[in-house]
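Hi,

Here is the structure I promised to pass on to you.

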Amino acid sequence: SYVLYHDQIIKSGSIPVDPEDRGYLFGDGIYEVVFVYNKKPFAFQEHFDRFVQSSKKLELSMPYDIATFKNLMDELIHKNNMVNGMVYIQMTRGVAPRNHLYERNMQSVVTGFAKSVALDSILESQSKGIQTYLTEDIRWLRCDIKSLNLLGNVMAKRKAADYDCQEAIQHRDGTVTEGSSSNVFIVKNGTLKTHPATNLILNGITRQIVLKIADRLQIPVEEKSFSVEELLNADEVFITSTTMEVAPVVRLLGTQEQNYQIGPVTLKLQENFKLQIEKNTTA
Ligand code: PMP
């Protein structure tokens with residue numbers, strides 16, 4: 001297979017990995033995951049914009065413009081003969097003798113890879129719904145940055161899996177924030193509710209698109225934080241992410257437990273999200 005290294009697509013296995021790269025030493029870097037449908041990246045512009053925002057928040061230098069990244073992604077997809085799947089792109093601050101203090105304007109190190117995904121594998125979760133595990137949000141206070149530091153998320157996901165759950169739902173002092181790798185929505189009396197895009201969550205691209213679709217369908221939306229209590233009393237619950245799209249939640253486990261039906265608002269948004277993918281990724 002082929003991978004991305006700086007601004008080249010090269011055979012995998014030939015990337016020099018430097019142990020003094022700050023990505024390894026401090027998790028000092030950022031990433032994006034873009035889904036590819038029918039060989040075409042979905043919402044590339046939105047992902048690139050967030051990548052740039054993350055880089056600015058951490059004072060990482062951005063070595064290439066959007067056209068260069070787009071060309072590299074297309075080449076990565078093409079060389080790997082990928083039809084459906086995901087592209088991962090990461091950028092670390094670069095290589096320097098180990099010191100917490102970073103110098104500005106270091107030479108960033110860009111790497112990436114493509115991974116084919118069978119679309120059936122996500123269809124099942126989308127039609128049957130997923131089980132989730134309620135857990136405390138132990139992460140830092142800059143979750144808006146898509147940084148490589150994911151230990152809180154990683155620990156939450158492991159815990160969820162130990163209870164046969166596909167995703168964790170995190171709460172901070174009883175306020176639901178987001179999943180370990182997804183955003184969380186509830187529906188109550190026809191109104192959609194999700195945590196506002198503050199420093200406490202990652203403003204998911206799927207989240208943003210779902211909010212736009214809801215607006216277009218005239219579904220009332222409140223970008224307001226909600227409590228674990230409201231989560232328990234919700235009519236519908238679903239999660240959104242690049243790799244899961246819109247996935248209904250049918251069960252909550254943990255200190256609080258609840259079962260949910262897959263409801264009409266979730267189904268409508270799920271269907272319209274798929275239509276949008278189709279519209280944007282067919283020639
Ligand atoms: N929150 C977190 C913590 C995530 O890791 C992700 C997925 N990367 C999301 C939300 C969903 O974001 P997106 O829709 O852009 O994939």
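How many Å separate the centres of domain 1 and domain 2, taken over C-alpha atoms? The answer is 26 Å. Please keep in mind that this is a predicted model.

To place those two domains on the chain: domain 1 covers residues 2-117, and domain 2 covers residues 122-281.

Next, the place where the domains meet. On the domain 1 side, 22 residues make contact, and their partners are 13 residues of domain 2. The largest share belongs to β3, which provides eight residues. Sorted by class, this side of domain 1 has ten nonpolar residues, seven polar ones and five charged ones.

Now to the ligand. Which residues come nearest to it? They are Leu 202, Gly 204, Ile 205, Thr 206 and Thr 242, out of 14 residues around the ligand. Two elements give two or more residues to this shell, namely α6 (205-216) and β14 (236-241). Of the elements, α6 gives the most, with three residues. As for class, the shell has nine polar residues, along with three nonpolar and two charged ones.

Happy to hear what you make of it.

Best wishes

How values were computed. Residues are numbered from 1 along each chain as its sequence is written. This is a predicted model: local features need pLDDT of at least 70, side-chain atom pairs count only at pLDDT 80 or more; totals for chains, interfaces and linings use all residues. Domain bounds come from an automatic or database domain assignment. Two residues are in contact if their C-beta atoms, placed from the backbone, lie within 7 Å. Helices (H or I, at least four residues) and strands (E, at least two) are DSSP runs, numbered from the N terminus. Ala, Val, Leu, Ile, Met, Phe, Trp, Tyr, Cys and Pro count as nonpolar, Asp, Glu, Lys and Arg as charged, and the others, Gly among them, as polar. A residue is near a molecule or strand if its C-beta atom, placed from the backbone, lies within 6 Å of it.
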